[in-house]
Amino acid sequence: MNEALAVGSLAYDTRTKRVGEVMEEYGTRYMLRPVQGGCEWDVLREHVRPATTADRLSAALAERNANSSQGRGAAWG
């Protein structure tokens, strides 16, 4: 990856196939947090890129499906 991601932007981790919000950049790594909150994880700069619209939609759909299968209603909107 050639450009740095700004804190607060959404990024896609190509290794874990997850979208996260950039919380911090340090050295050759980023700290990402799931968009809906949760535990942060770190990722090497070479395995992260800006999240596309398709990445964000896919992550939102996966979360809603997980909530639905666990009996938790998904709040749309």
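**Figure 1. Arg 33 is partly exposed, with a relative accessible area of 25%.** Buried means under 20% relative accessible area, exposed over 50%, and partly exposed in between (1.4 Å probe, protein chains only). This is a predicted model, in which local features need pLDDT of at least 70, side-chain atom pairs count only at pLDDT 80 or more, and totals for chains, interfaces and linings use all residues. Residues are numbered from 1 along each chain as its sequence is written, and side-chain values use heavy atoms, with hydrogens and water left out. Arg 33 forms a salt bridge with Glu 21, and their closest N and O atoms are 3.0 Å apart. The two partners come from distant parts of the chain, Arg 33 from strand E3 and Glu 21 from strand E2, 12 residues apart. A salt bridge is a side-chain nitrogen of Lys or Arg within 4 Å of a carboxyl oxygen of Asp or Glu. Helices (H or I, at least four residues) and strands (E, at least two) are DSSP runs, numbered from the N terminus. Glu 21 is also partly exposed, at 22% relative accessibility.

**Figure 2. Glu 25 forms a salt bridge with Arg 45.** The closest N and O atoms of this pair are 1.9 Å apart. Glu 25 belongs to strand E2 and Arg 45 to the loop between E4 and strand E5 (48-50), so the pair ties together parts that are 20 residues apart in sequence. Both partners are partly exposed: Glu 25 has 34% relative accessibility, and Arg 45 has 25%. The structure holds 4 salt bridges.

**Figure 3. A salt bridge joins Asp 55 to Arg 49.** Here the closest N and O atoms are 2.6 Å apart. Asp 55 is buried, with a relative accessible area of 12%, whereas Arg 49 is partly exposed at 29%.

**Figure 4. An open sheet of 5 strands has the order E4-E3-E2-E1-E5, with antiparallel pairing.** E4 and E5 are the edge strands, each pairing on one side only. From one strand to the next, the twist averages 50 degrees. Two strands pair if DSSP finds at least two bridges between them.

**Figure 5. E3 takes part in two hairpins, with E2 and with E4.** Strand E2 (residues 18-26) is joined to E3 (residues 29-34) by 6 bridges, and Val 22 stands opposite Leu 32. There are 2 residues between E2 and E3, and Gly 27 in the turn has a positive phi of about 60 degrees. E3 pairs with E4 (residues 41-44) over 4 bridges, and Leu 32 stands opposite Trp 41. The turn between E3 and E4 has 6 residues, and its Gly 37 has a positive phi of about 95 degrees.

**Figure 6. The largest nonpolar core has 8 residues: Leu 5, Ala 11, Val 22, Tyr 30, Leu 32, Trp 41, Val 43 and Val 48.** E3 and E4 are the elements that give two or more residues to this core. A nonpolar core is a set of buried Ala, Val, Leu, Ile, Met, Phe, Trp, Tyr and Cys residues joined through side-chain atoms within 4.5 Å. In soluble globular proteins, nonpolar side chains tend to be buried together.

**Figure 7. Helix H1 lies across strand E1 (10-13), E2 and E5.** H1 runs at about 115 degrees to E2. Contact means heavy atoms within 4.5 Å; axes are lines fitted to C-alpha atoms, for helices over the stretch in contact, and angles run from 0 to 180 degrees between N-to-C directions. Just after H1, Gly 71 takes a positive phi of about 80 degrees.
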